[in-house]
Amino acid sequence: MMLQEPKNEAIKSDAGRQYDPAAVFAEIPHLAARICGTSMALLYLIDGTRYAFNLELLEVSLWEVDFWAHTVVQPDVLIVGDTSQDVRFANNPKVTSSPYIRFYAGVPLITAEGQAVGALCVLDSVQRELSQLQLDALQGLSRQVIAQRELQRHFSDLTQTALQCHQRENSRPYAEGEYLTVLEQVQDGIFILQGSQLLFVNQPFAKMLGYTVAELKGMDFSALVAPEDRRKLSHTNRRGRAKVSEPQTSDFRLLHKHQANPIRVSVKVAPISYQGGVASLGLVRMIHPGRLVAGRDGRFAVPALPDSYYDLLTGLLNHAGLLKCVEFAIEQSKQQPSNGFAVLFLNIDHFKRIQYSLGYRLGEQLLVAFAHRLQTCLRAGDPIGHLGSDEFGIVVHHIKNIADSLAIAERLHESLKVPFLIERQEVFITVSIGIALSAGLQAEVSSRLLLQDVAAHQCQTKAELDTTANGVVPLRPPARRLKDLPAQQRPEDLLRDAGVAMYSAKAQGKANSQVFNAGMHTRVLAGWRLETDLRRAIQENFDLSSKTSKFTAHSKFLLHYQPIVSLTTGTIAGFEALVRWLHPERGLVSPTEFIPVAEQTGLIVPLGAWVLREACLQMRWWQEQFPAAQQMTMSVNLSGIQLSQPALLAQIDETLQYTGIQPSCLKLEITESVVMDNTDAATAVLEQLRDRNIQLCIDDFGTGYSSLSYLRRFPINTLKIDRSFVSAMCDKAENSEIVRAIVMLANNLGMQVVAEGIETPAQLQLLSGLQCEYGQGYYFSKPMDSETAGALISAPSANFGG
């Protein structure tokens, strides 16, 4: 096969133009700034190419790297509401001086292979917030950048392939056949057109339209084009006959063999020589693959929406489109009160883990397949939306009661028992589903809650009923339930409520469904307030870039210390450092309440670093003041998030150097589950800690995996028996046998044993009889402040009677 004019050098020049992003990308920052309403924008590619709007760019500077480097390491939008208050950007020269950037939002540019190639950012000199629609648009622009780069790369590859075939034609009589073989391997749709007749199509193009390759060969291409786009096709053909040598790109809607709705595609065409004549080589990529349009059942009309209300990846409605359908459903239910509806909010469980395993390209294929699976499970009149990442929404009409909505959710759960086949890999997924009901149905939920409160109230006052003179006590249902009665519903509130119920379903163990009630919203608000207060407390109380803590009168963190006692001698062997949060309004907040929030939000990293440093400083002070503290150890808990931090070892080294305590006096406590989540990575970190002579302890032993084969691999010094085993020792003989087995296991592996939660003399006696070395619990002492602990160390009679 030979390419028509232009010849070799012209072809190379054309390929070079295909790789020049300037013409394509120059307007992207301007468009992003206009959409988001910001004064500045920046498109930064990892090869150093930059495009800016309203920003002066000279040579590549550190301030740019500072912003986009934080963006490309995460898969989602990075939003910084106030850069001056964010430790990552507060010292950036563009924050501290002109143009005084205060707001930043950046989207990473991620290729189909999962590689970060840059970032698209919007910036402003004033604080602001972006709406969900603006965020969706920003992400859409980032996908368009990647899609255009991929399209240029693929087409350039095809052009280069064609050029190689041209160069080999004189020596290879079957070059044309070899060229077609190459085109068969291309993953995008490929066709060769002579006039309007299809002479060649590859399998991906045939599959895209639901045909076989044999069915498409010889077909008139215009018959595949939707009637409303055939005029555009005629215009494209006229340009081709005018001998336009450069490749042409057009968008068409092509008819699918089995689907009622056309498929939107981008077609890029270049002139070639084929079978002795002039032909066109076409590259086809889907824009809206398999768009799912609702409202075809004839019973419930759904408003027609423009393209901007549809998701580019799945073809489903986007966030704004689904909100329009919820708004329409609300209006319809007002006109027909008996026609209830439900909004379902779906989240794919552990999708990030699946995506990291498969890669971004296959992860997106899974999302598209999941979108089609939803379509097969629902009526055509029930709109479906892709709300972003792993979240989907559905508006289900003709719901009579709560049971109807739960039945639909159960049908969705059942459909996911069949695995997805993604490029020959079976992938099983589950979803958590939140359900919010229309006003009339929500009243049913509120009524049920009222009845539950009445029943609870009756139980609580049964004793009163038995003692009153007339035998009747008026029921007083709690007033808070009256707030659950539905008020005027708004689309965004319904979608929010469904999302709240979805998170409640996740908290129940995932792969289940929950119907929204007002109590869920109250709990979510309480959790949000707790997280907000925790963030503020961490920012106010200490700055880890300095060597000293900065406490305020508003909120502060404290360390309490619980002694670990030798059961043989009764002396103090060390302490465990336990963090406490003194809230300005609530007083001491339980660690069981704020530590999980810190772990979920990543705040455990700065908080844990502060705990480590403060505990080591305290131990150093005790060792300087009290000879009895010289050989004591300080135990500090290490979370899984901390263990996975690349800077953990450097942070520990810096802490040991600054505080001056011996590494052997530091004992890090890690739970079984943390170690087992990523055994290879955990083992590597633990071995480096052991090499530093830092002691390592498995906390809550017996409640996790308890795998002996893995336990031998880990460089552990101590096993800490979980308090649940200790508290049950006196109840049944087999419980004490479990403790005996753990003690024997530790002895055989050369490890020490600490029993947690000792509260009675009987428990202490049993543990001593089992030759458990150390103990900890309220029997010896509750956690105490540093002053009380110091007095305990210095006391001549600091002995608990071993």
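When I say contact in what follows, I mean heavy atoms within 4.5 Å. With that in place, let me start from leucine 668 in this predicted model, which, once its neighbours within four places in sequence are set aside, is in contact with Leu612, Val636, Leu638, Ile652, Leu689, Ile694, Gln695, Leu696 and Cys697.

Leu668 also belongs to the largest nonpolar core, a set of 79 residues in which Leu668 itself, Phe557, Trp622 and Leu666 have the most contacts. Helix α20, covering residues 604–625, contributes nine residues to this core, and that is the largest share.

Stepping back to the protein as a whole, we have 802 residues, of which 48% are buried, and a secondary structure of 29 helices and 26 strands. If we take the contacts between residues at least 6 apart in sequence, 63% of them join residues at least 24 apart. The protein exposes about 38,200 Å², and 52% of that area is supplied by carbon and sulfur atoms.

Let me finish with one strand in detail. In a regular strand, the side chains alternate between the two faces of the sheet. The partner of β8 here is strand β9, residues 263–274, and the two pair in the antiparallel sense over seven bridges, with serine 250 standing opposite valine 267 of β9.

Notes
Residues are numbered from 1 along each chain as its sequence is written. This is a predicted model: local features need pLDDT of at least 70, side-chain atom pairs count only at pLDDT 80 or more; totals for chains, interfaces and linings use all residues. Side-chain values use heavy atoms; hydrogens and water are left out. A nonpolar core is a set of buried Ala, Val, Leu, Ile, Met, Phe, Trp, Tyr and Cys residues joined through side-chain atoms within 4.5 Å. Buried means under 20% relative accessible area, exposed over 50%, partly exposed in between (1.4 Å probe, protein chains only). Helices (H or I, at least four residues) and strands (E, at least two) are DSSP runs, numbered from the N terminus. Accessible areas come from the Shrake-Rupley method with a 1.4 Å probe; for residues, only the protein chains shown count as cover. Two strands pair if DSSP finds at least two bridges between them.
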